[in-house]
Amino acid sequence: MKKETRNKKYTVLRVVPETPGVVTLQLACTDGISLYIPGQFITVYLPELGTPEGKAYSISSAPGEPLCVTVRARGEFSRRLCALRPGDTFLASEPCGYFYSESTASALVMLAAGIGVAPFRSMILDAVRKNSARTLLLFYSNKTMSDIVFGGLLDTLAAAYPAVRVNHFITKEESLPEGVVRGRITAEAVVHAIEEVPDPEFFICGSISFVRDLWSGLWSAGINEDRLYTEAFFSH
């Protein structure tokens, strides 16, 4: 049975710029929130925008940190969130969603486009704290190097933990640092990179077309759909 969630009042504590057009909102909940699992989201409600269903935003913080969501200012709803300042409040659901592994040891292969990296920050930080030997592979696509969200943190984690590998793909720049791939993430590139990884689970987060194309490509390459988890978003 699906868990019912209650709307709660959230207060913005800090606004942290990440990249041009992207901010992280550090939040506090007036009456507290239940524990959350990395990969979950909150649904934000801004009734004045005429969107009664609200909009879901992945939690980018790891358990033990103040709850955060990371937002790109694209679409009226997200632009409104990015314009919030410390002390501002809004209504949102409790953490919910099922975009996570139930294993504590399986290899995680995470495929992100743009702001789709938000839940993977939470997943990677939580995983290395619990089991630093767990294989964690992130394939991350952006238009330019300056669009990479959490770039410094990802570099630090990859340097500190041999089991963490970050693969950057850039689509709109010609001159790139060594090791960065020019072009989009493809299912073929992912399958080739994980040939020696036993029984991985795959998590795909990005635009609807990004998620659709990679899910289809991985399934066509023989990945069992039971091991493919998806989270798609759209702008409004």
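**Exercises: sheet and rings**

An open sheet of six strands runs in the order β10-β9-β8-β7-β11-β12, with parallel pairing. Strands are DSSP runs (E, at least two residues), numbered from the N terminus, and two of them pair if DSSP finds at least two bridges between them. The model is predicted: local features need pLDDT of at least 70, side-chain atom pairs count only at pLDDT 80 or more, and totals for chains, interfaces and linings use all residues. Residues are numbered from 1 along each chain as its sequence is written, and side-chain values use heavy atoms, leaving out hydrogens and water.

**Exercise 1.** Describe the aromatic pair of Y10 and F90.

*Solution.* Step one: recall the rule. Rings of Phe, Tyr and Trp (its six-membered ring) pair if their centres lie within 6.5 Å; planes under 30 degrees apart are stacked, over 60 edge-to-face, the rest tilted.
Step two: apply the rule. Y10 and F90 are 5.9 Å apart centre to centre, with 15° between the planes, and the pair is stacked.
Y10 is in strand β1 (residues 8-19) and F90 in strand β6 (residues 89-92), so the pair ties together parts 80 residues apart in sequence.
Step four: check burial (under 20% relative accessible area is buried, over 50% exposed, in between partly exposed; 1.4 Å probe, protein chains only). Y10 has 1% relative accessibility, so Y10 is buried. F90 has 6%, so F90 is buried too.

Terms used:
Helix = DSSP H or I, 4+ residues; strand = E, 2+ residues; numbered from the N terminus.
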